[in-house]
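Biologist: Could you take me through this model, residue by residue where that helps? Please give the cut-offs as you go.

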Amino acid sequence: MPAAPGENLRIDGDRLWDAIHAMAEIGPGVAGGNNRQTVTDEDAEGRRLFQKWCEEAGLTMGVDEMGTMFMRREGTDPDALPVYVGSHLDTQPTGGRYDGVLGVLAGLEIVRTMNDLDIKTKHPIVVTNWTNEEGTRFAPAMMASGVFAGVLDQADVYGHTDAAGKTFGDELERIGWKGSEKVGDRKMHAFFELHIEQGPILEAEGKDIGVVTHGQGLRWIQCTVTGKESHTGSTPMPMRRNAGRGLAQITELVHDIAMSNAPNAVGAIGHVDVYPNSRNIIPGKVVFTVDFRSHELDTLNGMVDRLMAQAPKLCADIGVEFEATIVGQFDPPAFDEDCVRMIREAAERLGYSHMDIVSGAGHDACWINRVAPTAMVMCPCVDGLSHNEAEEITKEWAKAGADVLFHAVVEKAEIVG
């Protein structure tokens, strides 16, 4: 078993904090956050700044055909597989300064601190910026890591379009970040990701560190309720086939399904399209997406089964029709027990309060977990708020998370000397 680093080894919290806010100057939002969506000019500028910082720290860059950046610090053993650490630099259209960015720049800070202290490791360390984790401009989320792990098809996602009809592949090439390296060819000794929690649990419990044991699985079910468009003023109530009423009943069903599986599951309807969406026409069709999540596979599948069994009957009882298709899914990942142990022991060694936690959001680590030993560290965020320009963390939370990440990464990479 690799030796654990000494408790005196800690990153420079001020330098990390300064880097986060320097990156935030690129693609500023209108309310203090960021709009640095994937494969935009702002994304390209953020990548160039990250590249500059990494090369100043002595790292060498590789870029794959999905645009993912791999910044390598050599180890003493040329045959040893690298330890990867990172997250993403792209943001939501109204995103915060920390979602993803913290994990990438904490990886850079680990290298900077190793340079300061002249720490050498047997295994190389590769700081990684995964392309299009957010999936906002081009669906799906976690796109590049999904292709890397073999769960998404590269040729297919190249053809995905944004709201303006531009394709991901064309835009990646346009901004100059389509690399030549084949996606997924790299082999990993392990992968670690630091992320803000994006939920309220750590702050509410007064904990510095979340030791992520599992990620939530997800099912997105696109549903269509079909009725009959008719005039709201002249159609008698008993003769209406109101698709909107079907939506209302299924909304309550989804809530009931999630509540009956709490606290180990969540569910809601987010995206809704109503047709024809006119003030004086009874809806003839409603298309909406149910989002179910759980870290227990049987629970997740059971929620879907119950929706599929009960929703058609609810709709038939009011004279409308129901159809549904699963349009997004991944099973709940259980992170590598040894990597999780390293994170937990690092928090204890450094004196940070901690608790085991399940990630409520998807992350690149969830896909990479399929091809390499993987684990995640989380730090609190104020009020659990994320995907919002008001997203906030403290410098102390960022430092604590990066300290724990530092210890786990260098322990896995094996300090030499």
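Biologist: Let's start with Lys-412: is it buried or exposed?

Modeller: Lys-412 is buried, with a relative accessible area of 10%, where buried means under 20% relative accessible area, exposed over 50%, and partly exposed in between, using a 1.4 Å probe and protein chains only. Keep in mind that this is a predicted model, in which local features need pLDDT of at least 70 and side-chain atom pairs count only at pLDDT 80 or more, while totals for chains, interfaces and linings use all residues. Residues are numbered from 1 along each chain as its sequence is written, and side-chain values use heavy atoms, with hydrogens and water left out.

Biologist: Where does Lys-412 sit, and which residues does it touch?

Modeller: Lys-412 is in helix 12, residues 395–413; helices (H or I, at least four residues) and strands (E, at least two) are DSSP runs, numbered from the N terminus. Leaving aside residues up to four places away in sequence, Lys-412 touches Val-83, His-123, His-189, Ala-190, Phe-192, Asp-338, Cys-339 and Met-342, a contact being heavy atoms within 4.5 Å.

Biologist: Switching to backbone geometry, which peptide bonds are cis?

Modeller: The bond from Ala-262 to Pro-263 is cis, with omega near 5°, and Pro-263 is in the loop between helix 8 (243–260) and strand 10 (265–275). The bond from Tyr-275 to Pro-276 is also cis, with omega near 5°, and Pro-276 is in the loop between strand 10 and strand 11 (281–282).

Biologist: What is phi at Val-39 and Met-142?

Modeller: For Val-39, phi is near 45°, a positive value in a residue other than glycine; Val-39 lies in the loop between helix 1 (13–23) and helix 2 (41–56) and is buried, with a relative accessible area of 0%. Met-142, which is not a glycine, has a positive phi of about 50°; Met-142 is in the loop between strand 5 and helix 4 (143–148) and is buried, with a relative accessible area of 4%.

Biologist: Zooming out, how many helices and strands are there, and why call the fold compact?

Modeller: The protein has twelve helices and 16 strands. Its radius of gyration is 23 Å, close to the 22 Å that the globule rule gives for 417 residues, so the protein is as compact as a globular protein of that length; the radius is taken over C-alpha atoms, and the rule is 2.2 Å times the number of residues to the power 0.38. Along its principal axes, the C-alpha trace spans about 85 × 45 × 40 Å, and buried residues make up 54% of the 417 residues.

Biologist: What share of the contacts is between residues 24 or more positions apart?

Modeller: Such pairs account for 80% of the contacts with a separation of 6 or more.
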